[in-house]
Amino acid sequence: MPALKTLLATGLVGVASAALNPSCAPGGNFDLSKWSLQLPIGSTGSPTTISASQLSGCGGYQDPGHKYFFTESGDGALVMKVPGAPSNTGCVTTPNSKHCRTELRESNPSSWDPNASNNKLTVTLAVEQPDNSGYGTVVGQIHIADNVSTKPVCELYYNTNGDLTMGVEQTRSGGNEVMTKVGNVPVGQQFTYTISYSSNVLSVSINGGAAKTLSTYSLGAPSSYFKVGNYNQGSSASDVHFFSINVSH
Ligand SMILES: *[C@@H]1O[C@H](CO)[C@@H](O)[C@H](O)[C@H]1NC(C)=O
Ligand SMILES: *[C@@H]1O[C@H](CO)[C@@H](O)[C@H](O)[C@H]1NC(C)=O
């Protein structure tokens, strides 16, 4: 049945992720219209931020030296790199953090209600180089809305052993995350994570496996937003490559 074979072949091509164009800026390959970018450069306490409109399209923003945020010339991945810590690299942090980041922040909506039935972030990535801290680089987060707290709801860490650990804050004042190992993926290997905070239930799943539900303790479902990128927790450089980023509400 040649017709069916053709259909199947076409279908399979459709299932494979759309090819990333290495000659476009990240905004030509990824829908960045609902994100803004925080960079590890700028002035102390005031890192450079790039808006969704500056990011969008094939001619959108990438840093001229290809040091922080750019398209990988071979496979078209969106690369986010951080050089290390402020003390040894002079990189710049936000006012409420000691660590540097190259990270996308959800900007439309700028926050949402975790009691709603669907808030989900699904990302395909490979961590080429995690930082040297114990739990490693944060590759995805849910953050509490800025008018409620400066703390996250949860952070997904990836370390030099390939361990994926979800840290969940217990209160809105933060600083006391409960750490749960949620997977292991060898350094440099591509994988997918999904973080959901829907109907006031927080869960994470790795490579399409069963969703692991995590307690949110006394957080009380605060307004929140997603972040995705490379939030360095150590003193050595970190390098994360992204192949797809999808958010749904
Ligand atoms: C925070 O801002 C959001 C969006 O503007 C608003 O809906 C919410 O009521 C605010 N929350 C507080 C605690 O002010
Ligand atoms: C979600 O529901 C809980 C329980 O009713 C409530 O305390 C909380 O304020 C709600 N969150 C938002 C963002 O409305």
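Trainee: What should I know about numbering and confidence before I start?

Mentor: Residues are numbered from 1 along each chain as its sequence is written, while chains are lettered from A and ligands numbered from 1 in the order in which they are written. The model is predicted, so local features need pLDDT of at least 70 and side-chain atom pairs count only at pLDDT 80 or more, whereas totals for chains, interfaces and linings use all residues; side-chain values use heavy atoms, with hydrogens and water left out.

Trainee: How many helices and strands does the protein have?

Mentor: Helices (H or I, at least four residues) and strands (E, at least two) are DSSP runs, numbered from the N terminus. Here they come to 4 helices and 15 strands. The radius of gyration is 18 Å, close to the 18 Å of the globule rule for 249 residues, so the protein is as compact as a globular protein of that length. That radius is taken over C-alpha atoms, and the rule is 2.2 Å times the number of residues to the power 0.38. Along the principal axes, the C-alpha trace spans about 65 × 40 × 35 Å.

Trainee: What share of the residues is buried?

Mentor: Buried means under 20% relative accessible area, exposed over 50%, and partly exposed in between (1.4 Å probe, protein chains only). Of the 249 residues, 49% count as buried. The accessible surface comes to about 10,800 Å², and 50% of that belongs to carbon and sulfur atoms. Such areas come from the Shrake-Rupley method with a 1.4 Å probe; for residues, only the protein chains shown count as cover.

Trainee: What do the contacts say about residues at least 24 apart in sequence?

Mentor: A contact means heavy atoms within 4.5 Å. Among contacts between residues at least 6 apart in sequence, 66% join residues at least 24 apart.

Trainee: Which strands make up the open sheet of 8 strands, and in what order?

Mentor: Two strands pair if DSSP finds at least two bridges between them. The order in this open sheet is 2-1-5-14-7-8-9-10, with antiparallel pairing. Strand 2 (46-50) and strand 10 (178-184) are the edges, each pairing on one side only. Neighbouring strands are turned by 20° against each other on average, direction ignored. Axes for such angles are lines fitted to C-alpha atoms, for helices over the stretch in contact, and angles run from 0 to 180 degrees between N-to-C directions.

Trainee: How should I read strand 7?

Mentor: In a regular strand the side chains alternate between the two faces of the sheet. In strand 7 (residues 137-144), 8 of the 8 residues are buried, so the strand is largely enclosed by the rest of the structure. Strand 7 pairs with strand 8 (residues 152-158) in the antiparallel sense over 6 bridges. Another 6 bridges join strand 7 to strand 14 (residues 224-231), also antiparallel. G140 stands opposite L156 in strand 8 and opposite V228 in strand 14. H143 faces Y225 in strand 14 as its opposite residue.

Trainee: What is the order of the open sheet of 7 strands?

Mentor: That order is 3-4-15-6-11-12-13, again with antiparallel pairing. Strand 3 and strand 13 (212-214) are its edge strands, each pairing on one side only. The twist averages 30° from one strand to the next. Strand 12 (residues 201-206) pairs with strand 13 in the antiparallel sense over 3 bridges, and T213 in strand 13 is the bridge partner of S203.

Trainee: How many disulfides does the structure hold?

Mentor: A disulfide is a pair of cysteine sulfur atoms within 2.5 Å. The structure holds 2 disulfides. C24 and C58 form one, with sulfur atoms 2.1 Å apart. C24 lies in the loop between helix 1 (2-15) and helix 2 (26-29), and C58 in the loop between helix 3 (52-55) and strand 3 (69-71), so the pair ties together parts that are 34 residues apart in sequence. The torsion about their S-S bond is about -100°, so this disulfide is left-handed. C24 is buried, at 7% relative accessible area, whereas C58 is partly exposed at 40%.

Trainee: And is the link of C91 and C100 left-handed or right-handed?

Mentor: That link is right-handed, with 85° about the S-S bond. The sulfur atoms of C91 and C100 are 1.9 Å apart, and both cysteines are buried. With bonded cysteines counted along the chain, the disulfides follow the pattern 1-2, 3-4.
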